[in-house]
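Let's take a walk through this structure together, beginning at the ligand and moving out to the backbone around it. Have the sequence and the 3D view open as you read.

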Amino acid sequence: MLYIIGTGLWRGDDISVRGAALCRKCAYVYLDEYTRAFDPAELEALEGIIGKKMVRLGRHELEEGLTFLNQAKDNDVALLVPGDPLVATTHITILMEARKRGVRVEVVHGSTIHSAIVGEAGLHIYKVGGACTIPMREKCIRPYSTYDKIAENCARGLHTVVFLDTSPEKQLAVKEALEIMQEIERERGKGIFADTSRIVVGCRMGSQEQELAYATVDTLKEMRLPLPCTLIVPGKLHFSEEEALALISKG
Ligand SMILES: C[S@@+](CC[C@H](N)C(=O)[O-])C[C@H]1O[C@@H](n2cnc3c(N)ncnc32)[C@H](O)[C@@H]1O
């Protein structure tokens, strides 16, 4: 049996009681360290709660190798994933592959940045359009599609949750992410990432160092913000959303 378990927003003890209990009974426990970095102290706390060490898996094993699926034919196997396992990951492939191979599989969902940042900023979740990611420069992709997705949401008055790329080696910082988008802004010219455009940023949400701010692109580029971070490009604001954003406004 394969259990795909979300560890929740940030802390080691954000895992659900059921998720932790399942890990304790599993013969093999793996951790996805590719889709979001785990803070070392929180990782230790999580291992304390589940009473065992986790084997860390990188991109290759999660997207192609999938050897843990073979183990799950005859053993209880847990795959732990930061946040919710099916939000902003490609792990739906693991779920489908397990079903195709006849491996029994269950998903234990977790709290996720996708809803946490929207709610804490005071924005209405039913006004959120499709999410997108700003990739690192190292990937040599000019993210026109990211810009266009945000523009499409804005045109419909919807908010856009924008994830920043991550890998075990590096997490994309807000300043660099905004510079990347401003290069496209200069070509597209819709004013989404103008120096004076106001954007929400949520940093290390769910941790003691959590920061939430609503500020201009110029101001955000100058702020020291703890990683990981997520942006929200607001669409048309309801007056109650305007009031909420005023409470986290910086500059
Ligand atoms: C590939 S997504 C995975 C999301 C995860 N599955 C979830 O449900 O929360 C990883 C990106 O989400 C954002 N992120 C995840 N957790 C965060 C947090 N606690 N605070 C701020 N941003 C976060 C960052 O942009 C990070 O690079």
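This is a predicted model: local features need pLDDT of at least 70, side-chain atom pairs count only at pLDDT 80 or more; totals for chains, interfaces and linings use all residues.

A polar contact here is a pair of N or O atoms within 3.5 Å; within protein, one must be able to donate a hydrogen and the other to accept it, and residues adjacent in sequence count only if both atoms are side-chain atoms. With that in hand, look at Met205, where a polar backbone atom is 2.9 Å from a nitrogen atom of the ligand.

Residues are numbered from 1 along each chain as its sequence is written, and side-chain values use heavy atoms, with hydrogens and water left out.

Now step back to the whole shell. The ligand is surrounded by 21 residues, each with a heavy atom within 4 Å of it; the closest are Val87, Thr112, Leu164, Cys229 and Thr230. Why does the ligand lie between two domains? Domain 1 (2-108) and domain 2 (113-247) both give residues to the shell, so the ligand lies between them; the domain bounds come from an automatic or database domain assignment.

Finally, two backbone details deserve a look. The peptide bond from Leu227 to Pro228 is cis, with omega near 0°. Ala88 has a positive phi, near 55°, although this residue is not a glycine.
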